[in-house]
Amino acid sequence: MGIPIGKLALYCAAGGIAPHRVLPVVIDAGTDNEELLNDEFYLGVQKKRTNGAEYFQLVDEFMQAVTHRWPNVLVQFEDFSSDKAQLLLNHYRDDHLCFNDDIQGTGATTLAGVLGALRAKGSDVTDLGNQKIVIAGAGSAGIGVAQVLMQAMIEQGRTPEEAKDCFYIVDAGGLLGKEQSASLSIEQQMYAREVDGGMPLDEVVKKYKATMLLGMTGVGGLFKENMIRNMAKNCERPVIFPLSNPTIKAECTAEQAFEWTDGKCIFASGSPFDPVTMGEDKVFYPTQCNNMYIFPGLGLGASLAGAKTVSDKMLYVAAEALANFVTDDELEEGKVFPALNKIRDVSRSVAVAVIDQAIAEGQATKIDSAKIDDLEAFVNKKMYDPVYVPLVEKREVTI
């Protein structure tokens with residue numbers, strides 16, 4: 001229960017949604033942990049974990065109940081296992097207002113960081129389709145990031161085939177290849193390569209001259225020095241995002257990335273890292289690629305608009321709004337995400353972008369754009385502030 005409570009606390013603090021309008025939910029489908037099954041003090045459902053059709057029926061019962069009670073509810077899926085997360089998202093996304101933060105939230109946040117990295121390189125954001133993107137980790141997060149980046153390329157004018165050809169996705173068994181199709185999910189099959197299936201990560205980075213390396217494996221220290229140095233030889237400013245957390249599971253540290261690339265890389269991480277000093281006076285300030293930059297504003301915008309669904313284009317414009325919030329001075333310091341003390345301003349900008357897109361798609365059921373002169377002011381007025389409202393009017397009494 002701690003995870004949904006923590007996420008909703010961010011909706012309130014960062015997204016400006018009132019605390020009485022959020023509800024933490026845990027779906028307890030049992031456990032296969034023998035120690036918990038035999039623990040008389042275990043508070044969860046003390047039976048073997050539900051799977052298969054019965055599990056999906058349980059989730060469907062919840063979705064029907066929650067939408068019956070609150071027809072305009074926004075449901076955020078979080079921490080579902082990789083074998084179920086995408087299936088559930090695919091089932092509900094077209095007729096429910098919902099999204100999966102591990103898949104779409106991580107993807108949109110990473111897209112914002114990647115767009116910021118292109119700006120830091122001095123490239124146009126439409127150069128995204130010219131990148132060679134190696135993703136370490138083929139789970140729901142890794143595939144979700146690939147899907148959002150690919151959709152962004154298509155929005156920028158690339159064909160699906162051109163966009164798909166930019167990705168090299170590597171799991172524990174090496175590069176995803178067509179010969180593995182029988183053991184891959186439908187989403188993984190989309191990115192399976194015709195040749196070099198099973199090729200190790202370091203060889204993929206070297207052979208295909210990766211310009212971006214994204215890590216979502218949970219394997220600490222996976223990005224080795226030789227791999228990163230080879231990447232830096234083939235790319236003037238390599239983009240390196242070790243996105244696993246906590247810190248002990250980061251694929252490399254900020255200090256390693258900057259040291260192995262002689263300070264040339266553009267870096268963001270899933271875990272926080274201290275500033276890195278190169279030489280006598282050059283200091284780089286690593287920023288954290290944290291989903292809290294996206295999901296509070298996305299939820300705020302979708303709710304205020306009364307959107308029917310969360311579309312791919314909403315995720316794209318949310319990422320654009322976040323990327324545009326980073327200043328040139330911040331990019332010069334090595335930052336590709338804004339300071340956390342700006343998070344409410346970021347959430348407001350993301351919400352405005354999402355509402356604009358909902359209106360453009362004809363999805364906005366609660367907002368009439370013709371009656372709102374200043375959308376940003378409208379959103380700002382709707383955001384909850386954690387301040388006490390005085391119960392007694394304070395006045396000066398003069399005699």
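## Salt bridges across the chain

A residue is called buried when its relative accessible area is under 20%, exposed when that area is over 50%, and partly exposed in between. The model described here is predicted. Because the relative accessibility of Lys 48 is 47%, this residue counts as partly exposed. Its salt-bridge partner is Glu 34, with N and O 2.7 Å apart. Glu 34 belongs to helix H2, whereas Lys 48 lies in the loop between H2 and helix H3 (52-69), so that the pair links distant parts of the chain, 14 residues apart. Glu 34, at 44% relative accessibility, is likewise partly exposed.

A second salt bridge joins Arg 93 to Asp 312, whose closest N and O atoms are 2.7 Å apart. This pair links parts of the chain 219 residues apart: Arg 93 is in the loop between helix H4 (82-92) and strand E2 (98-100), and Asp 312 is in helix H13 (residues 312-324). Arg 93 is buried, at 19%, while Asp 312 is partly exposed, at 32%. Glu 330 is in helix H14 (residues 328-332), and Lys 342, 12 residues away, is in the loop between H14 and helix H15 (343-360). Glu 330 is buried at 8% relative accessibility; Lys 342 is partly exposed at 26%.

Helix H6 (residues 140-155) has 16 residues, which should span 22 Å at 1.5 Å a residue; its end C-alpha atoms are 22 Å apart, in agreement. The buried residues in H6 include Ser 140, Gly 144, Val 148 and Ala 152. Just after H6, Gly 157 has a positive phi of about 115°.

Helix H12 (residues 295-305) is mostly covered, with 10 of its 11 residues buried. Among them are Phe 295, Leu 298, Leu 300 and Leu 304. Gly 306 follows H12 and has a positive phi, near 70°.

## Patches on the surface

A patch of positive charge on the surface gathers Arg 21, Lys 366, Lys 381 and Lys 382. Arg 21 is located in the loop between helix H1 (2-13) and helix H2 (34-37), and is exposed, with a relative accessible area of 66%.

The loop between H1 and H2 also holds Val 26. Together with Met 1 and Ile 5, Val 26 forms a nonpolar surface patch with about 280 Å² of accessible area. Val 26 is partly exposed, with a relative accessible area of 45%.

Technical notes: Residues numbered from 1 in each chain as written. Predicted model: local features only at pLDDT ≥ 70, side-chain atom pairs only at ≥ 80, totals over all residues. Heavy atoms only, no water. Patch = residues over 30% accessible without salt bridge, like charges linked within 9 Å, V, L, I, M, F, W, Y side chains within 5 Å. Areas by Shrake-Rupley, 256 points an atom, 1.4 Å probe, with all protein chains shown as cover. Salt bridge = Lys/Arg side-chain N within 4 Å of Asp/Glu carboxyl O. Lys, Arg positive; Asp, Glu negative; His and termini not counted. Charge placed at Lys NZ, Arg CZ, Asp CG, Glu CD. Helix = DSSP H or I, 4+ residues; strand = E, 2+ residues; numbered from the N terminus. Buried < 20%, exposed > 50% of the residue type's maximum accessible area, 1.4 Å probe, protein only. Expected span 1.5 Å × (residues − 1).
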